[in-house]
Amino acid sequence: MFAPSLTQTIRAAQQEIERHQHAQRVPKVIWSGLTEPADAFAVRIAAIRKTWTGRILAAVPYGYPVPAGAQAVEFSSKLFQLLHPAAPSRYRAGSGGRGSGRSHGIITAIVLRMLDRGIRVLCAREIMRSLRESVHHLLEAKIEALGLRQFFDITDREITCTATGAEVIFAGLFANVNAIKSLEDISLCFVEEGESISQRSLETLTPTIRAAGSEIWISLNPDAPDAPVMQFCDGSRPDTRHAHVIFSDNPWFPAELEGERVYLQSVDPDAYAHVWLGATRTHSDAQVFPGKYEIAEFTPGFGWNGPYQGADWGFSQDPTTLVRCWIHERKLYVSHEAYGVAVDIDRTPQLFDTVTGSRGYTIRADNARPETISYMRGHGYENVIACDKWKGCVEDGVAHLRSYEKIIVHPDCTHTADELRLYSFKVDRLTSDVLPDLMDKHNHTIDALRYALEPLIKRRKAHRWSNEYRHLFQR
């Protein structure tokens, strides 16, 4: 075998030097200890500085002092304890409500682990039709926010750390059973929206994540108390670390959500406990739309009827809403929503402008606020018209909405999805009997849908109700 030439030797040496220089540029990730005093952490950083001249990313709980020369990467206190690499656990479950910052904390921890070693990460959810339904965008945004873009290769299918070889892949569990079973060398699996994971998917996933020291992280907003994923939250699994995180645990809780939180707290403590405090919520016979809707991506196609737009005006702390919907093959599709609490009249055009092109289509609006309709017409919304109301119009509208084979809600329309789940008939306090009267809450986007479809509802009213829907209000 021939000895390498001088040119080959020089090239190999240059490549080795480049690898070394690149490694020196990659930030070093240092976690403060779970109970480590700040001065002890500072001493540890100073010792590292004697041999390391590159960036140091210091993973610390919020408000923890970080020595000069280190870049703080802060976590809320509960998530810092849950995700700390010094406390390994087969399962780590973060439950809680809206605004808790769970996903941001988990994604930050994943980025730091990828920067530290060459792991293979699977980000999974029950149903994923496209990467828009995954944390791909959040991962990319977090990499940018930490100033790490030069160390990552980001494509439409995966994200790779060029410094360590770590990679993230994405998959939906429900439709990819065989593909999931064949995955190899997964060191970390992050399951989003764990409350929707089926027992079948869980039984397929857990033995697949079998690399030495591998972990499964789960984020969930608890729904049904008997959901398969609840075993990781109720203390029945000894190999699990669990933290329940809500909005008050998030130091970065956005001010934009505070109005929505306060509003729901004032009108429905039970729904507030579920949405914001992360309490489980059982399904009830009193729900108006059980099994009638689903959340899915879609794009309105040629030949679809619509768009139809409806608006409900806010009163005091009530939200102002605008919805856009379409009809196709006996299904109702809700594609856009605007939703704002305590929106002053002079800010309403700006709110409606968040629905692209809303000025170009008719908007049927609640006729109880003629002054608001007049203001909107004078500020670029000439197509806002007052809807009609008649005795029983609410019941007629709800019956019409239920007459569709399915109501498909775009994932961006979060408030519409919440209301379709929460909208209920009244229940007798003493007997728990479900009454034929509708509750006057969780109905703002639903009212807007009724207004949007008013001509179709009136046409339906011209005929007698079919027996199929009349019974809804005769219980």
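**View 1. Pairing of strands E16 and E17 in the predicted model.** In this predicted model, Ala 365 has Ala 386 of E17 as its bridge partner. The two strands, E16 (residues 363-365) and E17, run parallel and are joined by 3 bridges. Helix H11 (residues 370-377) packs on the sheet here, where it touches both E16 and E17. The direction of H11 makes about 160° with that of E17.

**View 2. The open sheet of 7 strands.** The order of the strands is E12-E18-E15-E14-E13-E16-E17, with mixed pairing. Strand E12 (293-295) and strand E17 (384-386) each have a single partner strand, so one side of each is left without a neighbour in the sheet. On average, neighbouring strands of this sheet are turned by 30° against each other, direction ignored. Helix H8 packs on the sheet through contacts with strand E14 (319-328) and strand E15 (331-341). The direction of H8 makes about 100° with that of E15.

**View 3. The open sheet of 8 strands.** In this sheet the strand order is E6-E7-E8-E5-E9-E10-E4-E11, and the pairing is mixed. The edges are held by strand E6 (152-154) and strand E11 (240-245); each has a single partner strand, so one side of each lacks a neighbour in the sheet.

**View 4. Strand E4 between strands E10 and E11.** Strand E4 (residues 91-96) runs parallel to strand E10 (residues 215-220), and 5 bridges join them. E4 and E11 also run parallel, joined by 6 bridges. Ala 93 has Ile 218 as its bridge partner in E10 and stands opposite His 242 in E11. Ser 95 stands opposite Leu 220 in E10.

**View 5. Burial of strand E4.** In a regular strand the side chains alternate between the two faces of the sheet. Both faces of E4 are covered. Tyr 91, Ala 93 and Ser 95 lie on one side, Arg 92, Gly 94 and Gly 96 on the other, and all are buried. E4 is thus listed as mostly covered, with 6 of its 6 residues buried.

**View 6. The largest cavity and its lining.** The structure holds 2 cavities of 30 Å³ or more, and the largest has a volume of about 160 Å³. Its lining consists of Arg 98, Glu 260, Tyr 263, Leu 264, Val 275, Trp 276, Tyr 339, His 415, Asp 418, Glu 419, Leu 422 and His 442. Helix H8 (255-267) and helix H13 (414-422) are the elements that give two or more residues to this lining. H13 provides the largest share, 4 residues. By residue class, the lining of the largest cavity divides into 6 nonpolar, 2 polar and 4 charged.

**View 7. The second largest cavity and its lining.** This cavity has a volume of about 70 Å³. The residues lining the second largest cavity are Cys 387, Asp 388, Lys 389, Trp 390, Cys 393, Gly 397, Arg 450, Tyr 451, Glu 454 and Ile 457. At least two residues of the lining come from each of helix H12 (393-402), helix H14 (444-452) and helix H15 (454-461). The lining of the second largest cavity comprises 5 nonpolar, 1 polar and 4 charged residues.

Terms used. Residues numbered from 1 in each chain as written. Predicted model: local features only at pLDDT ≥ 70, side-chain atom pairs only at ≥ 80, totals over all residues. Heavy atoms only, no water. Pairing = 2+ DSSP bridges. 1 Å grid on protein atoms, 1.4 Å probe; cavity = no way out; pocket = protein on both sides within 12 Å on 5 of 7 lines; lining within 4 Å. Points joined across faces, edges and corners; volume = space filled by probe spheres on them. Nonpolar A, V, L, I, M, F, W, Y, C, P; charged D, E, K, R; others polar. Buried < 20%, exposed > 50% of the residue type's maximum accessible area, 1.4 Å probe, protein only. Axes fitted to C-alpha atoms, helices over the stretch in contact; angles between N-to-C directions. Contact = heavy atoms within 4.5 Å.
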